[in-house]
Every structure is written in structure tokens, then in C-alpha cells.
Protein chains: 2
Amino acid sequence: MFSKTVEYALRAVAYLGYAAPDARTTEQIAAATRVAPAYLSKVLQGLCRAGVVKSQRGVRGGMSLARRPEQLTILEVVNAVEPIRRITTCPLGLKSHGVHLCPLHKRIDDALAMVEAAFRQTTLAEVLAEPTRSPPLCDVSIDRLKVAAN
Amino acid sequence: MFSKTVEYALRAVAYLGYAAPDARTTEQIAAATRVAPAYLSKVLQGLCRAGVVKSQRGVRGGMSLARRPEQLTILEVVNAVEPIRRITTCPLGLKSHGVHLCPLHKRIDDALAMVEAAFRQTTLAEVLAEPTRSPPLCDVSIDRLKVAAN
DNA sequence: ACGAAATCGGATGTCAAGGTCCAATTTAGC
DNA sequence: GCTAAATTGGACCTTGACATCCGATTTCGT
């Protein structure tokens, strides 16, 4: 239902939020999020163009959040890589009823709207702060220790 | 977010519900739902195997609903062609926390759960019966007249 | 100024989704 | 029994998602 690319983008952003405000290299992010480094690179480029993360080239460069976690919603991340396309007109292309969706497509769009609303209401900060037995992104804490040790 | 195949399956089922209890040929369904006939054939085969529709070969054959619209939910149709895969374990494969999802994946799974619940609660009969300016499936009424005229 | 470290961008490869085509099979009706 | 009408299943094609690779470029630190 959600593409792998969306998964990868959310993992990366979660990891960066955890590391904020420091930057992390694509290699580090890939290792921590268990994503193929070369592909993650492309995903991060997309997030960069969308203004979700910012990049710094060269020595001691890497990726970091473009905004504070409190100002970044899950929806923005999702829409940056693969926009949720709401149904606004009849997919069958019938002009017989203009903007009014038939009951079937209304239901489908309602489902999209629910997801959209849920993601819009959730900030990265909320995800990171949520008390839980499992740390965000699973083993990000282990990685954090590893990075801190360097 | 939802695949084309899911769209096609829902359109076909909506059309068949509208025509119920009579059968319709793949050609008729394809024309009414604006789907490529050859591909719709494959989709219908899947629905048939899943027990959502039933097929009748030969002269005066075609496709019809396997159950009454009141007994068929949107979720069943969706799951027949492309099951909604809830997140049950950490996608990163970390065994460090067993069945407990991290906050990120919890949110994603919550979204999936909402969609699943909405689709489970909606029967085909409800979709067909809903009062609206636009008939279900857009121009199904036009098609109905055409079929009735034969 | 130089070199190492990092992103950027383009070319390429792989695989599943979406889509087509057709011969084989089944079946109602004459 | 024959024929026309319909599904079935398999082979095939096309496109986009996922993924890899590498040379070019930028930039920090010495």
C-alpha cells in the first residue's frame, strides 16, 4: 500500500531527527535504516529537492533535517517522495457529473483523506518522543552509541 | 496509493452488483468500466479464484457476483486482488523488540488499520444504494439502458 | 594548494505491475 | 452433434519502481 521509497524516506527522516541537529552521511543513514546505500542516496536527493532535508557536500558533510522535528509532519515527508493523490474527478473520465464523485470513488477518496489527515497531524517530533519499549527506527539507539564512540 | 488493479476490481464488482443477479460478459464489464478488456479478464479471474465473483463459460455465460451485495464488503474485493498487508513485525528485521512496533511503524500501521476498518465496514450494497447525484461507477446507468435495449 | 570526504547526476540493470494476444476449453441453443 | 459465445491459461510485451555504479563536483582540513 505504501511504496518502499516512502518507507525509506520515513526511516531516514526519523534517523536524522534522532541525530539532529548534526548531519549524517548517506552511508550512516543507510546502515542505521537498513536500506541499500545507493538507492537511499536517490531518495535523499528527492527529500533534499523537496526541502525536507538539506545536504552538505565535502568533508564533514552529509544530510540533516531542513526544519526542526516539531515543524515537520509525516505527510510532508510522504508527499515529498510520492504524493498522496486524492481523487478529485471521476477516474473514468466521464464528464457527465463534473466534480461529484460516485459513491465508490467517494469511499476510496475518504480512505485517502483519513490517511492524509492522520499523517498531517503527526509531526516527526511526536514520533521521536513517543514513550515506548521500542526506540524509533528499532535499533537507532545502538547506532547512536556507535556514532558517539567515534 | 491503491493500485490500478484494485481500482479495476472495485469497478467491476460495482458494475456486477448493479446488474445482479444477471451475468455480464468481460467485454460488457470492460466497456462500462473503461478498463482494457484483456487485462480486466485477468483481474476477473483473480476475483473468481477468490470467490468474489463466479464465472459461467460458453454461450450466455459471463461473470456475476458470487454473493449478494449485502454480503460482500469492499475489503474482501481489495484483499482478493491485492491484500492490505498490515505491519506486524519490524520491517528492519530487528529481533531486539519482538512484536512491539517502533512509533514510526506504529503510525503507518495505524493508517493501514483505518483503511482496513473503513473498507471492512462498507458493503457493496451500501455503495450501490447511496443517494447521490452521480450514479455508482459514473455512467453505469447509461450502460444499463443500452444492455436493456438488446 | 592539495587531498580526502562527501553529495550530485546520469547511465544502466533488474524485476514486478500493467497490459496484450491467442489457442484451448467449456457450454447454451439450434 | 454442431456452432457460436464465452472463459481459461500461458506466452509475451511494455513500463515504472527499485537498485547499482561511477565520474564529476563541491568542500573541509591541513
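This is a predicted model: local features need pLDDT of at least 70, side-chain atom pairs count only at pLDDT 80 or more; totals for chains, interfaces and linings use all residues.
Let's start with DNA strand D: the surface near it holds eight nonpolar, 11 polar and six charged residues. Here Ala, Val, Leu, Ile, Met, Phe, Trp, Tyr, Cys and Pro count as nonpolar, Asp, Glu, Lys and Arg as charged, and the others, Gly among them, as polar.

Residues are numbered from 1 along each chain as its sequence is written, while chains are lettered from A and ligands numbered from 1 in the order in which they are written.

**Exercise 1.** Find which residues come nearest to DNA strand D, and which element gives the most to the surface near it.

*Solution.* 
- Step 1: A residue is near a strand if its C-beta atom, placed from the backbone, lies within 6 Å of it.
- Step 2: There are 25 residues around DNA strand D, and Ser3(A), Thr5(A), Ala36(A), Gly58(A) and Ser55(B) come nearest.
- Step 3: Now group by element: two or more residues come from each of helix H1 (4-19) and helix H3 (37-49) of chain A, and from helix H3 (37-49) and strand S2 (62-65) of chain B. Helices (H or I, at least four residues) and strands (E, at least two) are DSSP runs, numbered from the N terminus.
- Step 4: H3(B) gives the most, with four residues.

**Exercise 2.** Work through DNA strand C in the way you did for strand D.

*Solution.* 
- Step 1: DNA strand C is surrounded by 25 residues, the closest being Ser55(A), Ser3(B), Thr5(B), Ala36(B) and Gly58(B).
- Step 2: For this surface, H3(A) gives the most, with four residues.
- Step 3: Sorted by class, the surface near DNA strand C has eight nonpolar, 11 polar and six charged residues.

**Exercise 3.** Describe H3(B): how far does it reach, and which of its residues are buried?

*Solution.* 
- Step 1: H3(B) has 13 residues and reaches 18 Å from its first C-alpha to its last, close to the 18 Å expected at 1.5 Å a residue. The expected span is 1.5 Å times one less than the number of residues.
- Step 2: Leu40(B), Val43(B), Leu44(B) and Leu47(B) are buried. Why do they sit on the same side of H3(B)? Because they cover an arc of only 100° around the axis, the arc being that of the directions from the helix axis to the C-beta atoms.
- Step 3: On the other side of H3(B), you'll find Ala38(B) and Arg49(B) exposed. A residue is buried if 20 or more other C-beta atoms lie within 10 Å of its own, exposed if 12 or fewer, and partly exposed in between, with C-beta atoms placed from the backbone.

**Exercise 4.** Track down some backbone features in the loops.

*Solution.* 
- Step 1: In chain A, a cis peptide bond joins Ala20(A) and Pro21(A), with omega about 5°. Pro21(A) lies in the loop between H1 and helix H2 (26-33) of chain A.
- Step 2: Arg34(A) isn't a glycine, yet has a positive phi of about 60°. Arg34(A) is partly exposed, with 17 other C-beta atoms within 10 Å.
- Step 3: Arg60(B), also not a glycine, has a positive phi of about 60°. Arg60(B) counts as exposed because there are 7 C-beta neighbours inside 10 Å.
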